[in-house]
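Subject: Structure for your review

Dear colleague,

Please find below the structure that I am handing over to you. I would be grateful if you could look through it with the notes that come after it.

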Amino acid sequence: MSGYVGVLVSDPWLQSQFTQVELRGLKSKFLSLKRESGQVAIGNLPAVMGKLKGLKEVLTEEEISAILGESYPDTSQEIDFETFLRAYLNLQARTAGKLGVSKNSSAFLKTATTTQVHTISESEKASYVAHINSYLRDDPFLKNYLPLDPDSNDLFNLAKDGVLLCKLINVAVPGTIDDRAINTKRVLNPWERNENHTLCLNSAKAIGCTVVNIGTQDLVEGRPHLLLGLISQIIKIQLLADLNLKKTPQLVELVDDSKDVEELMSLAPEKMLLKWMNFHLKKAGYKKTITNFSSDVKDGEAYAYLLNVLAPEHCNPATLDAKDPTERAKMVLDHAEKMDCKKYLSPKDIVEGSPNLNLAFVAQIFHHRNGLSVDSKKISFAEMMPDDVQVSREERAFRLWINSLGVASYVNDLFEDVRNGWVILEVLDKISSGSVNWKHATKPPIKMPFRKVENCNQVIRIGKQLKFSLVNIAGNDIVQGNKKLILAYMWQLMRFNILQLLKNLRYHSQGKEITDADILNWANRKVKSTGRTSQIQSFKDKSISNGIFFLELLSAVEPRVVNWNLITKGEADEQKRLNATYIISVARKLGCSIFLLPEDIMEVNQKMILTLIASIMYWSLQQASEDSDRSELSTDDASSQKALSELSADDAISQKSPSSDGEDGSVAAESISNLSIDDAASDTSQVENGNSSVGE
């Protein structure tokens with residue numbers, strides 16, 4: 001597998017203004033415009049630029065034409081791709097000026113685009129370095145490079161080969177990545193490095209990170225704001241992992257009535273942490289309610305009350321008497337230190353109200369001493385709550401899939417968060433553009449129940465238009481939180497997205513509808529083409545459980561991706577688990593965005609099996625499309641051609657492995673969203689399907 005080098009421009013500064021996802025989206029639009037018109041001229045730009053996200057909401061085509069005219073008075077002037085990019089940046093700058101806002105780097109759950117002014121917090125960097133030094137110091141590979149110096153660029157340099165990020169994901173959610181799939185050598189060649197980052201990004205999505213605007217090349221380049229954004233999300237997921245009733249049933253103490261337990265279950269981890277904090281502050285006699293981890297904790301008083309009630313043995317009465325906020329913050333941290341809490345922040349971070357670091361600090365306090373009782377009556381109630389393992393796994397898969405699409409809403413609990421219909425409408429609009437009538441939709445918060453029903457009725461109506469099977473299902477079923485029906489709808493939505501992506505690969509489907517049978521037949525044919533004898537009868541074929549068929553399929557689409565020395569016979573359950581874990585990591589390393597668990601392979605969950613095979617199929621078929629687009633890219637303008645020609649032998653595209661049916665290449669998928677609509681557009685001729693935040 002080669003190292004896919006992405007879209008290159010000759011000006012390093014211009015290259016640095018965009019992520020690879022953005023560059024691919026803009027390049028796709030540029031090439032499409034050139035195919036349609038024969039050339040790209042200034043006069044062609046207003047219509048195209050006017051549809052780009054960030055511009056269309058602020059500038060009209062007439063305003064765009066006027067702005068472009070200031071720099072390029074001759075509308076017939078032909079331009080190259082770099083001029084196209086500069087024009088776009090100029091329009092974005094004018095947009096920001098018109099809005100009168102300054103754009104800064106984003107918060108925990110949403111990574112920013114690189115066409116903004118970026119700042120990084122040295123305090124956050126130092127905190128994350130301390131976290132990494134603490135949790136990964138004993139790692140067999142990384143211990144040779146740790147501890148990192150927080151005052152240097154050690155973090156960004158070490159992250160460039162992808163090993164650190166993969167290991168950090170495994171600390172946050174153990175078992176997410178099979179260590180055997182990580183390329184760990186002191187010196188990695190470009191394709192090995194690319195594989196690690198592809199594995200990292202697909203695995204990050206699989207634990208709940210939002211990475212729709214980051215590409216592997218961005219990580220290879222070690223862009224500080226993108227790396228810190230990703231690392232902060234991973235660490236946050238680790239710190240908030242226990243803030244749910246399943247992991248910490250004692251949290252039921254936060255509610256007085258069993259009727260409130262369902263509401264408690266639906267709370268996002270951050271909200272749960274705030275509820276826990278306010279629960280103890282009320283007991284301590286603190287009069288205010290904390291609503292955020294920034295302005296509400298800046299004076300340090302809330303921390304003083306919280307620590308006094310949780311660890312009275314270390315209480316210092318002088319803390320509350322301190323007049324200077326910085327002095328009080330210092331005393332708070334001294335108190336926390338006596339509780340063995342790691343210092344995620346400094347007194348300055350408290351006083352300045354750093355939301356990320358304050359949240360991390362409170363989460364650390366919760367882990368060390370949550371102060372909740374072990375009321376057996378309430379605990380037993382929490383433990384008796386129905387927990388259908390299959391339902392739980394499917395809820396997880398669909399929730400993560402939705403979050404990977406880059407819709408505005410972030411889903412914490414599928415069954416609760418879709419009940420007002422808004423999230424599903426966002427997903428429908430993402431994967432079937434234009435299907436939602438937003439004039440008849442109500443955005444949360446929604447106080448009137450009938451508005452929720454209206455939203456959900458539109459969800460059902462669109463589903464029927466898309467030919468979903470929705471017999472005896474009404475919008476009110478979603479409003480009422482009917483888990484079975486919600487899962488049935490979400491599965492059909494996810495399956496529709498998968499089949500549409502396969503259909504949109506213009507080089508193979510010619511626009512024909514793709515069926516489940518087509519996916520099954522492709523997989524069997526692919527394995528057979530390598531001379532192997534494994535075949536499956538359906539997506540619920542019990543022979544799948546040992547994982548051998550998937551390994552042979554992965555090996556068929558990319559011969560070097562599977563290390564057969566690591567494979568077991570898959571006879572006992574433990575052997576099946578080892579194979580299944582390895583399969584998932586190898587598929588993600590290849591470039592597949594998948595959300596299943598090893599148990600789904602071992603137990604042959606036919607829905608998740610279909611998504612796995614379809615994702616492998618999409619990656620394989622995508623290669624011919626990418627090869628064609630890359631050919632256009634390399635000849636489109638001299639600067640790109642020169643940049644490509646100057647690549648080293650390791651960076652150049654390697655020879656493709658021969659394939660009997662000619663369907664698969666061996667170019668590493670740079671894409672990070674193989675099952676999301678975001679990356680589909682760069683592989684289709686329909687520019688209107690934009691593939692990144694710069695798209696429509």
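The notes below describe the fold, the nonpolar cores and the cysteines.

Please keep in mind that this is a predicted model. The chain has 696 residues, and 57% of them are buried. Its secondary structure consists of 31 helices and zero strands. When contacts between residues at least 6 apart in sequence are considered, 67% of them join residues at least 24 apart. The chain exposes about 28,700 Å², and 50% of that area is supplied by carbon and sulfur atoms.

In soluble globular proteins, nonpolar side chains tend to be buried together. The largest nonpolar core here contains 173 residues, and Trp-276 and Met-277 have the most contacts inside it. Helix α25, residues 483-503, gives this core its largest share, 12 residues. A second, separate core holds 30 residues, including Leu-52, Tyr-72, Ile-79 and Leu-91.

Beyond its neighbours within four places in sequence, Trp-276 is in contact with several residues, among them Leu-254, Leu-306, Val-362, Phe-366 and Arg-369.

Finally, the cysteines. A disulfide is a covalent bond between the sulfur atoms of two cysteines. A search of the whole structure finds zero disulfides. For Cys-209, the nearest cysteine sulfur belongs to Cys-200 and is 8.3 Å away, whereas a disulfide requires the two sulfur atoms to be within 2.5 Å. Cys-209 counts as buried because its relative accessibility is 1%. Cys-315, with a relative accessible area of 33%, is partly exposed.

Yours sincerely,
A colleague

How values were computed:
Residues numbered from 1 in each chain as written. Predicted model: local features only at pLDDT ≥ 70, side-chain atom pairs only at ≥ 80, totals over all residues. Heavy atoms only, no water. Helix = DSSP H or I, 4+ residues; strand = E, 2+ residues; numbered from the N terminus. Buried < 20%, exposed > 50% of the residue type's maximum accessible area, 1.4 Å probe, protein only. Contact = heavy atoms within 4.5 Å. Areas by Shrake-Rupley, 256 points an atom, 1.4 Å probe, with all protein chains shown as cover. Core = buried A, V, L, I, M, F, W, Y, C linked by side-chain atoms within 4.5 Å.
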